[in-house]
Amino acid sequence: MTPTSTLLLAFSLSSDAFAASVSKGACVRRLRFVVALQTGLLFGLVEATTPIIGWLLGTSAYDTIAHWDHWIIFFLLLALGGKMIHSGLAPASKDCASCDCGSTSDRTRWWLIIATAITTSLDAMAVGVGLAFMNANIWVTALAIGGATTLMATLGMLLGRRLGKTVGPRAEIIGGLVLIAIGATTLYHHLLA
């Protein structure tokens, strides 16, 4: 993978964490930068770990499916991108009933954020499986994904109060389109070879 495609992949995978953080930030009455940064670091750590897990799973199956790897990458990224686009187009809830508007304790709130971080990082695990079939340095890629997610989730929390829930879905749509483009480019290069 080129540095450009690694960055595009990292930021597209961080778009769902950004969308979740925007909606979380929209529900916090008095958001401090430290809390936004802690949330971003938590999202980034989880998002950096899951592609490594996926890569380990993909590496163990590499010999079995090496002849179809480009098709697997394409369909994985097509499905993930389509899911992100679908989520971005789904109608948003108009209230804060699903978020932590001060009705839960700090401990409960952090468990909800951890659960959200794990949920939004499952796509990175699937991408990690695909990365096992590409000439990609998993450590650099995971670091880029974690860094981009930390940045985007922190910004999402900070911007959430002002932007509400309108920006988050658009970020998911763009991220989904980027994933589909990366999958199509990978398939195109393998078919040309």
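## Overall fold

The protein chain has eight helices and zero strands, where helices (H or I, at least four residues) and strands (E, at least two) are DSSP runs numbered from the N terminus. Read along the sequence, the pattern is therefore α-α-α-α-α-α-α-α. This is a predicted model, in which local features need pLDDT of at least 70, side-chain atom pairs count only at pLDDT 80 or more, and totals for chains, interfaces and linings use all residues. Residues are numbered from 1 along each chain as its sequence is written, and side-chain values use heavy atoms, with hydrogens and water left out.

Of the 193 residues in the protein chain, 46% count as buried; buried means under 20% relative accessible area, exposed over 50%, and partly exposed in between (1.4 Å probe, protein chains only). The accessible surface of the protein chain is about 10,200 Å², and carbon and sulfur atoms hold 69% of that surface. These areas come from the Shrake-Rupley method with a 1.4 Å probe, and for residues only the protein chains shown count as cover. As for contacts (heavy atoms within 4.5 Å), take those in the protein chain between residues at least 6 apart in sequence: 96% of them join residues at least 24 apart.

Let's turn to the rings. A pair of aromatic rings is described by the distance of the centres and the angle of the planes. Here, rings of Phe, Tyr and Trp (its six-membered ring) pair if their centres lie within 6.5 Å; planes under 30 degrees apart count as stacked, over 60 as edge-to-face and the rest as tilted. A search of the whole structure finds two aromatic pairs. In one of them, Trp71 and Phe75 have ring centres 6.0 Å apart and planes at 25°, so this pair is stacked. Trp71 and Phe75 are four residues apart in helix H5 (residues 69-89), which means about one helical turn separates them. Phe74 and Phe75 also form an aromatic pair, an edge-to-face one, with 5.1 Å centre to centre and 65° between the planes.

Ring pairs thus link Trp71, Phe74 and Phe75 into a cluster. Phe74, at 15% relative accessibility, counts as buried.

Leaving aside neighbours within four places in sequence, Gly81 is in contact with Gly176, Leu179 and Ile180. Gly81 and Ile182 are 101 residues apart in sequence, yet their C-alpha atoms are 9.8 Å apart in space.

Thr185 belongs to helix H8 and is partly exposed, with a relative accessibility of 38%. From Thr185 to Phe74 there are 111 residues in sequence and 8.5 Å in space, C-alpha to C-alpha.

## The enclosed cavity

Rolling a probe the size of a water molecule over the atoms shows where empty space is left. On a 1 Å grid over the protein atoms alone, a cavity is a set of points where a 1.4 Å probe fits but cannot get out, and a pocket is an open set with protein on both sides within 12 Å along at least five of seven lines; lining residues have an atom within 4 Å of a point. Grid points are joined across faces, edges and corners, and a volume is the space filled by probe spheres set on the points. The count comes to one cavity of 30 Å³ or more.

The largest cavity holds about 80 Å³ of space. Its lining includes Met1, Leu9, Ile73, Leu76, Leu77, Gly130, Met134 and Ile182. The elements that give two or more residues to this lining are H5 and helix H6 (106-131), and H6 gives the most, with four residues. By class, the lining of the largest cavity has 10 nonpolar, one polar and no charged residues. In this scheme Ala, Val, Leu, Ile, Met, Phe, Trp, Tyr, Cys and Pro count as nonpolar, Asp, Glu, Lys and Arg as charged, and the others, Gly among them, as polar.

## The second largest pocket and H1

About 300 Å³ of space lies in the second largest pocket. Fourteen residues line this pocket, and Met1, Ser5, Met134, Thr185 and Thr186 lie nearest its centre. H1 and helix H8 (167-192) are the elements that give two or more residues to the lining, and H8 gives the most, with seven. The lining of the second largest pocket has seven nonpolar, seven polar and no charged residues.

Thr6 is found in helix H1 (residues 3-13), and it counts as buried because its relative accessibility is 10%. Not counting residues up to four places away in sequence, Thr6 touches Met1, Thr141 and Ala144.
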